[in-house]
Amino acid sequence: MRYTVDERHERIVELVREHGSLRVSDLAHHLGISLVTARRDVETLASRGRLDRVRGAVHWPGTPAPRGQAPQPIPELRPSTAPEPEAPVIGMVVPQSQHYFGEIIRGARETVAAVGGRLILGYSGYRPEQDAAQVDRMLEAGVHGLLLTPSWPTGTGGAEDAGGAATTGGELTLPAVLVERRGEVGTRVAGLDHVCTDHAAGAGVAVRHLVEIGHRKIALVAGESPTAVQVRRGYEAALRAFGVSGPPVEPLALQGGEVDTERIDTVAERLAALVDSGEVTAALVLSDIDAILLLQSLRSRAPHLRVPEDLALVAYDDDVAALSDLPLTAVAPPKYEVGATAAELLLQRVRERAAGTSGGARRHVDLLPELRVRASCGEATENSSDQSDR
């Protein structure tokens with residue numbers, strides 16, 4: 001039968017109490033779990049003072065440990081049939097469960113559930129110290145592998161700045177996959193598997209679309225986030241590739257999950273002034289919530305400005321872009337696929353570990369966003385150069 005982690009711990013305690021001393025390998029065989037899991041379980045129980053562990057064996061507290069060798073196998077512990085495969089328990093540490101990460105979590109959860117496993121979540125709240133605390137909690141719960149999104153401001157990190165969480169990937173005894181995060185080149189973390197959205201490519205898709213429908217003066221409105229770092233890089237690279245300009249616009253930031261209306265209005269006024277002066281005809285806005293708020297502010301503070309006639313808008317992210325009264329063209333990161341792909345890769349690593357195989361080269365997987373064209377960009381023109389100077 002399959003046990004939950006708590007049930008398995010209680011069964012181990014019951015067996016050791018009954019027999020006094022047992023080999024860890026016998027426990028693993030009897031319970032139908034891997035030797036690695038059995039060792040982790042008895043280490044957890046020993047750390048709680050419920051059992052004592054000595055040289056490959058575990059014994060009841062107060063029972064003298066066998067001298068010279070581990071206890072002999074006890075025949076009645078041997079199962080008459082092969083044990084059932086252990087259902088995987090996967091730990092996932094993310095900054096939050098709403099907005100961007102909601103679909104990623106759903107993809108991971110459904111993928112793990114499809115193989116009879118269980119996903120357990122830990123939230124860091126973008127606090128580096130919580131990365132390590134949540135990983136410790138996952139290990140205590142007896143997970144078989146970890147999906148990790150550390151609180152790295154730029155989306156990349158190394159051993160010196162990961163708060164003890166994902167950087168322990170170089171030292172973790174469990175398989176781990178980074179999700180929407182990358183290790184800095186040359187660090188041990190760079191040797192971990194990762195699954196990420198290629199946000200730079202997503203920004204490039206948005207710029208290409210705007211150029212193709214006639215725009216040459218494209219602004220970027222973005223706050224500070226790991227995604228923004230990559231979006232800005234892709235935006236700048238695409239501008240260079242097309243030989244077009246990008247006027248500076250003060251980033252729009254929503255701090256602490258609350259709307260900063262004053263900052264939104266400031267950016268709206270700046271953007272309206274750039275449109276009025278002919279310096280901007282289009283803007284890429286991170287995120288779609290920011291884009292809707294910016295559109296609302298533009299309507300109240302610059303009612304003469306028309307979208308998309310005077311200003312074409314593309315939102316980066318597509319959680320609610322289609323729900324705007326003027327549906328927004330948006331770059332849609334493949335969030336569900338990121339979660340599902342990361343979980344599939346981690347489950348593969350867990351199986352390889354249980355089988356004692358290496359699994360070959362680590363994988364760095366980048367998934368491409370797609371552009372969903374709606375009303376906020378207007379229609380493509382036959383002669384795009386006609387709009388290049390407006």
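Which residues point one way from strand 11 and which the other way? Ile218, Leu220 and Ala222 point one way, Ala219 and Val221 point the other way, and all are buried, where buried means under 20% relative accessible area, exposed means over 50% and partly exposed lies in between, with a 1.4 Å probe and protein chains only. The model is predicted, and local features need pLDDT of at least 70, side-chain atom pairs count only at pLDDT 80 or more, while totals for chains, interfaces and linings use all residues. Residues are numbered from 1 along each chain as its sequence is written, and side-chain values use heavy atoms, with hydrogens and water left out.

Strands (E, at least two residues) and helices (H or I, at least four) are DSSP runs, numbered from the N terminus. Strand 11, residues 218–222, runs parallel to strand 12, residues 282–286, and five bridges join them; two strands pair if DSSP finds at least two bridges between them. Isoleucine 218 has alanine 282 as its bridge partner in strand 12.

Six strands form an open sheet in the order 5-4-6-8-10-15, with parallel pairing. Strand 5 (118–123) and strand 15 (364–367) stand at the edges with a single partner strand each, so one side of each is left without a neighbour in the sheet. Neighbouring strands of this sheet are turned by 20° against each other on average, direction ignored.

| Strand pair | Bridges | A bridge pair |
|---|---|---|
| Strand 4 and strand 5 | six | methionine 92 and leucine 121 |
| Strand 6 and strand 8 | three | leucine 147 and valine 177 |

In strand 6, Gly145 and Leu147 point one way and Leu146 and Leu148 the other way, and all are buried. Helix 5 (residues 128–140) lies across strand 4, strand 5 and strand 6, and runs at about 150° to strand 5; axes are lines fitted to C-alpha atoms, for helices over the stretch in contact, and angles run from 0 to 180 degrees between N-to-C directions.

Serine 151 lies in the loop between strand 6 and strand 7 (156–157), and counts as buried because its relative accessible area is 9%. Its side chain is joined to that of serine 124 by a polar contact of 3.2 Å, a polar contact being a pair of N or O atoms within 3.5 Å, of which, within protein, one must be able to donate a hydrogen and the other to accept it, while residues adjacent in sequence count only if both atoms are side-chain atoms.

Alanine 315 lies in strand 13, residues 312–316, and is buried because its relative accessible area is 1%. Leaving aside neighbours within four places in sequence, alanine 315 is in contact (heavy atoms within 4.5 Å) with residues including Leu284, Val285, Ala330 and Val331. The C-alpha atoms of alanine 315 and valine 331 are separated by 6.3 Å, although the two are 16 residues apart along the chain.

**Backbone features**

Most residues other than glycine have a negative phi, and most peptide bonds are trans. Glutamate 180, in the loop between strand 8 and strand 9 (182–183), has a positive phi of about 55°. Aspartate 317 has a positive phi of about 110°, and counts as buried because its relative accessibility is 7%. Cis peptide bonds join leucine 286 to serine 287, with omega about 10°, and valine 307 to proline 308, again with omega about 10°.
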